[in-house]
Amino acid sequence: MTALMGLAARLRLARLVLRTDARRRQGDLAAFLTAALAGGVDVVQVRQDDLDAATGRAVLEEVRAVAATSGAVVGVAGDPAVAGAVGADLLHLRPGDDASAARAALHPDALLGRSAHDGDQLDAALADEALDFVAVGPGLVARAARTAPVFAVASTPWFVGGGVGAATLDDLLAAGARRVLVGSAVADDGDPQDAAARLTRSLADAWRADPGAERYRFAAAATPGRAR
């Protein structure tokens, strides 16, 4: 059912984003993602600084093939030109990239986001009509929760990243986070499925305990087109 939803709806309902490189050193991208997705990952961001259009297309095709049955959103973190050339469904901008210009490089339904590193950047990102999501560090969780309540449909979805893992998640949830972006917490674990599953369970518990979540889920599932 999730795969039948539009990209904007799937983003709003996402709780766990995994950022990974192409795992060239390990040579196990498909196996790694199969395990992580089985653990509950909702969005996969590929970040590989030397990706060009040709290699990026091959990597994205491999990731999409693995993610096809899960309904996970697949995208890239990096160059808008590469994201557009490979038809990425999601792009996490680099610092300094212009959101409107990047939007023009993507397909019409693609999701676009960026990181905010301080309060001014957060406020600007939340107000930017070209953006569909924002990533914040742990120090901005309380401000993001006040400014863009997680279960308000009008709010831009935001994810907390930066050292997020099982040891820090409870404090982040207590501060108001309901979506996270992780990397090493899953990638460096000997059992990526279990690592993702533990995060997924904690996030699911927080959603179930929040009185606004059920109404939000129904509204978010009906989100047409882009989130903004």
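Colleague: What makes Ala213, Tyr216 and Ala220 in helix H11 count as buried?

Modeller: This is a predicted model, so to speak of burial is to speak of computed values. Buried means under 20% relative accessible area. In helix H11, residues 213-221, Ala213, Tyr216 and Ala220 are buried, so they fall under that cut-off.

Colleague: Why are they said to be on the same side of H11?

Modeller: Look at the arc around the axis. They cover only 60°, which puts them on the same side.

Colleague: Which residues does the face turned away from the buried side of H11 carry, and what makes them exposed?

Modeller: That face carries Glu214, Arg215 and Phe218. Exposed means over 50% relative accessible area. These residues are exposed, so they pass that mark.

Colleague: What covers the buried residues of H11?

Modeller: The cover includes helix H1 (7-13) and H10.

Colleague: What makes a set of residues a nonpolar core, and how many residues has the largest?

Modeller: The members must be buried, of the listed nonpolar types, and joined through side-chain atoms within 4.5 Å. The largest such set has 65 residues. Leu33, Trp158 and Val186 have the most contacts inside it. Helix H10 (residues 192-209) gives the largest share, 6 residues. Apart from this core lies another, of 11 residues, including Leu7, Ala14, Leu111 and Phe133.

Colleague: Which residues is Val186 in contact with, beyond its neighbours within four places in sequence?

Modeller: Leu18, Phe32, Ala36, Pro192, Ala195, Ala196 and Leu199. Contact means heavy atoms within 4.5 Å, so each of these meets that limit with Val186.

Colleague: Why is one space called a cavity and another a pocket?

Modeller: In a cavity a 1.4 Å probe fits but cannot get out, whereas a pocket is open. The count comes to 1 cavity of 30 Å³ or more. The largest pocket holds about 840 Å³ of space.

Colleague: Which residues line the largest cavity, and how do they divide by class?

Modeller: The lining is Leu11, Val17, Val43, Gln45, Leu90, His92, Phe133, Ala135, Phe159 and Leu181. They divide into 8 nonpolar, 2 polar and no charged.

Colleague: What lines the largest pocket?

Modeller: It has 40 lining residues; the closest to its centre are Arg19, Arg47, Ala77, His92 and Leu181. By class the lining has 15 nonpolar, 15 polar and 10 charged residues.

Note on methods. Residues numbered from 1 in each chain as written. Predicted model: local features only at pLDDT ≥ 70, side-chain atom pairs only at ≥ 80, totals over all residues. Heavy atoms only, no water. Buried < 20%, exposed > 50% of the residue type's maximum accessible area, 1.4 Å probe, protein only. Helix = DSSP H or I, 4+ residues; strand = E, 2+ residues; numbered from the N terminus. 1 Å grid on protein atoms, 1.4 Å probe; cavity = no way out; pocket = protein on both sides within 12 Å on 5 of 7 lines; lining within 4 Å. Points joined across faces, edges and corners; volume = space filled by probe spheres on them. Nonpolar A, V, L, I, M, F, W, Y, C, P; charged D, E, K, R; others polar. Arc of directions from axis to C-beta.
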